[in-house]
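Student: I have a structure to study, and I want to know what the labels rest on. Can we go through them one by one?

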Amino acid sequence: MVATFEKALVWLIETICLALLVALALSVIYSTTMRYLGSSPSWYDEIASVLLAWLTYFGATYALFLRQHMSFGGIVTALPKHAAVALALVSEFLVIGFFAVVAWYGNAVLAAAKWDSLLSIRWMTLDIVQSIIPLSAALMIIGTFLTMPRALRNAAAGIDTDHAEIEQAIADAERENATASRKDQSL
């Protein structure tokens, strides 16, 4: 059930990232076209900035769910099993603590931001724009809790996922190379 929830959440975040990317691309294309035609929209700069910020926050959340963010896996795998698991656990709770602070203060900012709005789109208040901060922080906390068992298992097994992915990519490339060579020889 947890794996299903995680997959659904990752799918939702992927979908939001894709929608934001398409909206950003369309707004840039529209604005560029209109500027070329001599009628540049006044809202473009602010909307593009907001879309890019939201895409960045959701993209970072997506990276966290996939465990593709920066880490020091080599340090963890170099330690003995118990120390590696302890260090991984401490780092997980440090990440959760950091994002809890971000969510708390990000939420506090929303109260002050609701009285201000974008310059070109007056109905869009800054609390809507800034709501991505506590929202993404909460999603990152959820993502850390959901992926923590995998990270702890990898630490206990001495697996550095970065190196494992590189080794897998090399093995896949060598297999493809061998298949291509056999096909070339058979011709």
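Student: Which bridge do the side chains of Asp172 and Arg175 meet in?

Tutor: They meet in a salt bridge, 2.3 Å from N to O. First, a caution. This is a predicted model, where local features need pLDDT of at least 70, side-chain atom pairs count only at pLDDT 80 or more, and totals for chains, interfaces and linings use all residues. Residues are numbered from 1 along each chain as its sequence is written, and side-chain values use heavy atoms, with hydrogens and water left out.

Student: What makes Asp172 and Arg175 a salt bridge?

Tutor: The term needs a side-chain nitrogen of Lys or Arg within 4 Å of a carboxyl oxygen of Asp or Glu. Here the N to O value is 2.3 Å, so the pair qualifies. Side chains of opposite charge can pair when their charged atoms come close.

Student: Where do Asp172 and Arg175 sit in helix H7?

Tutor: They are three residues apart in helix H7 (residues 161-186), so about one helical turn separates them. Helices (H or I, at least four residues) and strands (E, at least two) are DSSP runs, numbered from the N terminus.

Student: Why is Asp172 called partly exposed?

Tutor: Buried means under 20% relative accessible area, exposed over 50%, and partly exposed in between (1.4 Å probe, protein chains only). Asp172 has 26%, so it is partly exposed. Arg175, at 48%, is partly exposed too.

Student: How many salt bridges does the structure hold?

Tutor: Three. One of them joins Arg150 and Glu6, at 2.9 Å from N to O. Arg150 lies in helix H6 and Glu6 in helix H1, so the pair ties together parts 144 residues apart in sequence.

Student: Is Glu6 buried or exposed?

Tutor: Buried: its relative accessibility is 11%. Arg150, at 35%, is partly exposed.

Student: What makes Arg67 and Glu92 a salt bridge?

Tutor: Their closest N and O atoms are 2.7 Å apart. Arg67 is in the loop between H2 and H3, while Glu92 is in helix H4, 25 residues apart. Glu92 has a relative accessible area of 6%, so it counts as buried.

Student: What do the buried residues of H4 pack against?

Tutor: Helices H2 (44-65), H3 (73-78), H5 (126-130) and H6 (132-157). Contact means heavy atoms within 4.5 Å. The buried residues of H4 include Glu92, Ile96 and Phe99.

Student: Why is Ser27 called buried?

Tutor: Its relative accessible area is 8%, so Ser27 is buried. Ser27 is found in helix H1 (residues 2-36). Not counting residues up to four places away in sequence, Ser27 touches Trp43, Tyr44 and Leu51.
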